[in-house]
Amino acid sequence: MGWFWPEGFYTLLMIGVFAFGAFAWKLPIAVAMALATISGALAAGEGVPLRHLVEGGFGYVNTILVIATAMMFMKVVLATGLLDSLSAWMTRRFRRFPALLSLGIMFIIMVPGMITGSSTAAVLTTGALVSPLLITLGMSKVRAAAAVSIGALLGMIAPPVSIPAMIICAGVDIPYVGFMIPLMICTFPLAAVFALTMIYPYIRRFSDEAVLEEQLKKMRKNPLCAHLVLPVLVLVLLFAADQYLAGKVPGMGMPLIFLLSALSGLFSGVPFDIVKTATDAVDDALPVMGILMGVGMFIQVMTLIGVQGFIVVSALSLPSWLLYASIGVSMPLFGAVSSFGSASVLGVPYLLALLKYNSIIVASALSLVSSLGDLMPPTALAGIFAAQVVGEDNYFKVLKRCLLPGLVIALWGIAVIIFSAQIAALIF
């Protein structure tokens, strides 16, 4: 396909305006996307298509509600001290079994991402919680930050809430159903491998128990009673009930499930300000919600002026080996601005180009590869925040430690796509 065709010019123009606005003008990513969207529409002779901008902006409203309510739930869990207590209990319980402790720490890092679909939420919550513990157990600041970054990426893709997978589904009108096992296949084996290679070799050599106990005392020590775990229990029960009763009664939907689970925290036995907690949650989620509105506008106008079709046809014209290489390179690079943007702008066309494979598994694998955008400079949200959490000034040292794990993630995602037919035969 020729990039000198009108659609090719519109593609380059939109990407160029987007990159200039985000990097040169330092505009918020959502605003830069809106400018790129309007530029593409003007160049194509569509003027300023207000209807399409509004439609696109609300295209991911369900995902936005999921993020907002999931963040409320996460803030409630933090306010009750559950994660602090769980981390302290797990460390004391499995200190003599460093392999199991490594796996547990990686899972705790992933949990906020699994619930909110945001790697940033994982880094700034449990990442900030376990980083001092990892450093106390013998890891350097850079290695601890790298482990937190990788765990946050995997948590963002792991079920039940994978925002990149939801974005790809919305782009091709696939319901977000049946993704639990494929997303687990994409993330959990990698989480185990990285826990045993990035954390275990260092904590197994640690022997200063007095220093460790001092660090654990700094954490909250509320006992892991039923009251403290109540929000999580309510969340699991509501999810299970929603799945079991699907088709029999109207579904509650993920936003309502997260909201009810968050409200159950009022009965956890730990006093906290629910209004302030909810306000802080929405405030923290606003940047991500803004990006999704920008992504919706971007996709809507791309479809209007033929850019999305151009990218799909260009992807279809590639030989299979080059298509896989393009997925492994272009999705992480485009994700330097937003992994969500990468999932929508490139994930949707790539999925359409791979319709001969199982769509659910391919969408899961593409969302995994797109997550690497959160390690790509200059934004590199996961790497930058992880460096800040451990007190490392040069976040490029953290990104350097993430190069090999990032390559493994990309190769694993491509392998899942290639063997998607065999995987589908096993799990469906």
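Start in helix α3 and select E55 and R51: they sit four residues apart, so about one helical turn separates them. Their side chains meet in a salt bridge, 2.7 Å from N to O. Keep in mind that this is a predicted model.

Now colour the pair by accessibility. R51 is exposed, with a relative accessible area of 53%. E55 is partly exposed, at 39%.

**Next stop: across helices**

Select D284 and K75. These two form a salt bridge, and their closest N and O atoms are 2.7 Å apart. D284 lies in helix α14 (residues 274-304), while K75 lies in helix α4 (residues 61-80). The pair therefore ties together parts that are 209 residues apart in sequence. D284 is partly exposed at 38%. K75 is also partly exposed, at 22%. Side chains of opposite charge can pair when their charged atoms come close.

**Stay in helix α14**

Select K276 and D280. Both lie in helix α14, four residues apart, which is about one turn of the helix. A salt bridge joins K276 to D280, with the closest N and O atoms 2.9 Å apart. D280 is partly exposed, with a relative accessible area of 29%. How many salt bridges does a search of the whole structure find? It finds three.

**On to a loop**

Select A44. This residue lies in the loop between α2 (29-43) and α3 (50-57). A44 is partly exposed, with a relative accessible area of 25%. A44 and Y10 are 34 residues apart in sequence, yet 7.3 Å apart in space, C-alpha to C-alpha. Which residues is A44 in contact with, once neighbours within four places in sequence are left aside? They are Y10 and I305.

**Last stop: a buried serine**

Select S339, in helix α17 (residues 339-353). Is S339 buried or exposed? S339 counts as buried, because its relative accessibility is 3% and the cut-off for buried is under 20%. Now show the surroundings. Not counting residues up to four places away in sequence, S339 touches M156, S370, S371 and D374. Zoom in on D374. The side chains of S339 and D374 make a polar contact at 3.3 Å.

Note on methods
Residues numbered from 1 in each chain as written. Predicted model: local features only at pLDDT ≥ 70, side-chain atom pairs only at ≥ 80, totals over all residues. Heavy atoms only, no water. Helix = DSSP H or I, 4+ residues; strand = E, 2+ residues; numbered from the N terminus. Buried < 20%, exposed > 50% of the residue type's maximum accessible area, 1.4 Å probe, protein only. Polar contact = N/O pair within 3.5 Å; in protein donor to acceptor, adjacent residues only side chain to side chain. Contact = heavy atoms within 4.5 Å. Salt bridge = Lys/Arg side-chain N within 4 Å of Asp/Glu carboxyl O.
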